[in-house]
Structures are given as C-alpha cells and as structure tokens.
Amino acid sequence: MWALLYKLASPKTFYQWSRPLMYGFALLTIVFLTIGIFSGLFLAPADYQQGDAFRIIYIHVPSAFMSLFVYAIMSFCALLIVVWKFKMADVVIKAAAPLGASFTLLALVTGSIWGKPMWGTWWIWDARLTSELILLFLYVGVMALQTSLKNKPRSEVIVAIMVLIGFVDIPIVHYSVSWWNTLHQGATILKFAKPSISSNMLYPLLIMLMAFISYFVTMMLYRTRTEILWRERKSTWIKNVLGDL
Amino acid sequence: MLAHWLVTGLPFILLTPIAAFSLHCSMDEMWILIVSLLLGTPILSAIGSIVVSLTLGLREGSVLLALLLLPVYIPILIFGAGVVNSFSLGVSPIAEFALLGAILIGILPIAPVASASALKINLG
Amino acid sequence: MLAEVFSMNGYGVYVWASYGIAFAILGLNVFLARGYRKKVLSKVILNSTNTQD
C-alpha cells in the first residue's frame, strides 16, 4: 500500500493522473456554483430578521470555512516536511497559500459588507474578526517568506516551521465566537446535533461549500502541476510530456 | 533565549508595580498583571527566537521579520491584556491564565529545537 | 418584478457587491494561475530546446 502511495505521489505519475481529475473538479465547480448561487439568491426564503441581506452568507461562510481548512491542509503538509521530509508537500504549501489568502480576504470583505447593514459598522475589533485578520497576515507572511527564500536549499523546512507556529491561530479563530461573546454570531452549521438554520436555507449553503471545495481542489491541482513542471524542467519525462503537446 | 528574556522580560516585570501605581491600578490587579507578564513574556521571547532564526541571513530579513512576528504576537498580547480586562470586570481570569500557560508549556520545548534547525539551514 | 428581485428589499447593493467581489477574487486567482503557467511553460520549452541544440 505504501509502495502504491509513493508511486502516486511521485511527480511524474502525479502529473499524469492529476489532469483528468482537474477537469472533473472544474466541471463540479461550475455545476455546484450555478446551482448554489441560483438557489441561494432566488429560492431560499428571506431571513425573518435580516431580510435579504442574509444571502451574503452563501459567500461568507464557505470562504471563512475554506480559510481555516486551507491552513489546516498547509499545516499537515508542514508536518509531513518536518517529520518525514516528504518532497511533494512543499509544492502543496506553495500552491495553497495564495488560495488560502484569497479565501480569507473574501471572508473579511464579505463579512464587512454584511456587517454594514446589520451591525451598522464595516469593522469592529471583535475576536472573530481580529483573528481572521491575523490569519490573512499569516498567509501573506508565509507567501513573503517563500518568495524571499526562493532558490535556497532546504528552504521548505523554514517555511514549514513558520506554518506550524502560525497554526496556533486556527483554534483561536474557530472558538473565538464561543470564548468571547461578541457581535459576531455563533456557529450555525458545524453543530452536528441540530443546526440552528432551517433546511431550505441550509441546502444552498452546503452546495456553495461543495462549490468552494471543488474550486479549491481544481486550482490546487492546476497550480501544483505548474510547480511540478517548473521543478522538473531538467528531467527527461517533462520533455516527453512537452513533446506530446 | 533565556538571556533575551532576562534582559527584556524581567526588567519589564520589575517595572510593572511602578507603572501600575501610576495608572491607579489596585494591588490585586497589579499581581494579576505580573503573573500574566510572567507567563506571557517568555512566550514572546521563545516565538521571537524561532522567527528570527527563520529569517536570518535573508535580504529582506527585517521587513519579513515584522510581517511574520505581527500575526503570531497579537494573540499572545490579546490573551495577556484579556487577563487584566476580565479581572477588572469581575470575571475570573483563570481561562486566560490557562491558555497562556498551555501555550508557554507547548512552545518552551519546541523553541530551542526549531531555532536550532532553522539556524543550521540558514547559516550552514 | 425583475427590479424587485434585484433590489433585494433594499439590501441589493450589499448582496450584489458581495457576490461580485467573490467572483472577482476567485476569477483573479484563475487568471493569475493561468498567466504563471504560461510563463513557466514558455521558459521550460525554451530551456529544453536550448539543451537539445
């Protein structure tokens, strides 16, 4: 089993099997996004408290979830680098960081736009908002570190250590709404027992979440393939691949 | 790392009573503040030592250092400030103490190892 | 009728702005990734033709 995993994770085989997978996820993204946006904007009923403004949730919550999820993936890869010296994990961190930063920025901006009509302010220094902003700085910091470490040997270990230090922020973001009772509302979906949201509002949200996840996977595969192309540019199999084009 | 804390953290804690009295804090608040600083400043020194060794020898080192330290310092500062805040509001600050203590226990054994390996890569 | 749907009971500006920004950011990511790949591809092809010469 380990032999198979190693084979699948080698740059050459990855480059081969990731191509159809990428197109599959791209298709999924389009399908989920179309259904999700249509049902979120037009089919879901307006919230009895927030009116139609709550429809921002279909962008805000998936991107906030992804901002944490992507950092968790990066931390897992950092662990793979530090403990098992796994080569491909560095490529994944490099591909994931800008995507994570985009999701975090999106969560902050849509939250701000949502906050204006609901709370009467674009921004407050609430625990959830502040820790999410810190997450954005973490992503930017990791990206800056990667850029300035370019071409240095064993730079992946340094990036991995930085990613792992920053992981402290993830539980803080996640639990901030329950630790500090502030303006930001509590969790509505990730309560497994009984989500405090009605089902015809929930389904578009779950579909949008699937859309964001497929988008992330598609972009990850795309960026990873580019990165492999660059790192393996001197190997013979790349020349064969390019010969087919 | 210990030396760094001795020259930056310790004098700060010794100065706390003076600052506290000039800001009209009560005696209890001052002791709480001192405990939170005792827990918090070693964390700052430990994280600082790791991040500095990560960016050592880089051209954009100093800017990068600020960018990387900012997000990891802020949570610690928030918890530290939260201690006095919740105490002065009459809430028990034990939750913030526990968090600071947990982070301190977590970071202390990791910091020397992480700094050492980062230094080895950057300088070796 | 249609204008009513788009105004979202007065919240239209906020809702449409959010969706617009979402598309802008997600689209920008695709755009940048494509640009980067094109750059890498041209460099790699140049590289391989140079070594063959």
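Between chain A and chain B, 24 residues of chain A are in contact (heavy atoms within 4.5 Å) with 23 residues of chain B. Chain A also meets chain C, where 42 of its residues are in contact with 29 residues of chain C. This is a predicted model, in which local features need pLDDT of at least 70 and side-chain atom pairs count only at pLDDT 80 or more, while totals for chains, interfaces and linings use all residues. Residues are numbered from 1 along each chain as its sequence is written, chains are lettered from A in the order in which they are written, and side-chain values use heavy atoms, with hydrogens and water left out.

**Chain A with chain B**

- About 2000 Å² is buried between chain A and chain B, and carbon and sulfur atoms give 85% of that area; buried area is the accessible area (1.4 Å probe) that two parts lose on being put together, summed over both.
- The count of salt bridges here is zero, a salt bridge being a side-chain nitrogen of Lys or Arg within 4 Å of a carboxyl oxygen of Asp or Glu.
- On the side of chain A that touches chain B, α5 (127–148), α6 (155–166) and α7 (169–179) of chain A each supply at least two residues; helices are DSSP runs (H or I, at least four residues), numbered from the N terminus.
- The largest share of that side, 10 residues, comes from α5(A).

**Chain C with chain A**

- Chain C and chain A bury about 3200 Å² between them, with 76% of it on carbon and sulfur atoms.
- Zero salt bridges are found across this interface, but five residue pairs are in polar contact, both at pLDDT 80 or more.
- Helix α2 (residues 12–52) of chain C gives 25 residues, the largest share of the side of chain C that touches chain A.

**Helix α3 of chain B**

- Helix α3 (residues 61–88) of chain B has 28 residues and should span 40 Å at 1.5 Å a residue, which agrees with its end C-alpha atoms being 40 Å apart; the expected span is 1.5 Å times one less than the number of residues.
- α3(B) has a kink of about 35° at B:Leu70, shortly before the proline B:Pro71; the bend at a residue is the angle between axes fitted to the seven residues ending there and the seven starting there.
- B:Gly90 follows α3(B) and has a positive phi, near 90°.

Conventions. Polar contact = N/O pair within 3.5 Å; in protein donor to acceptor, adjacent residues only side chain to side chain.
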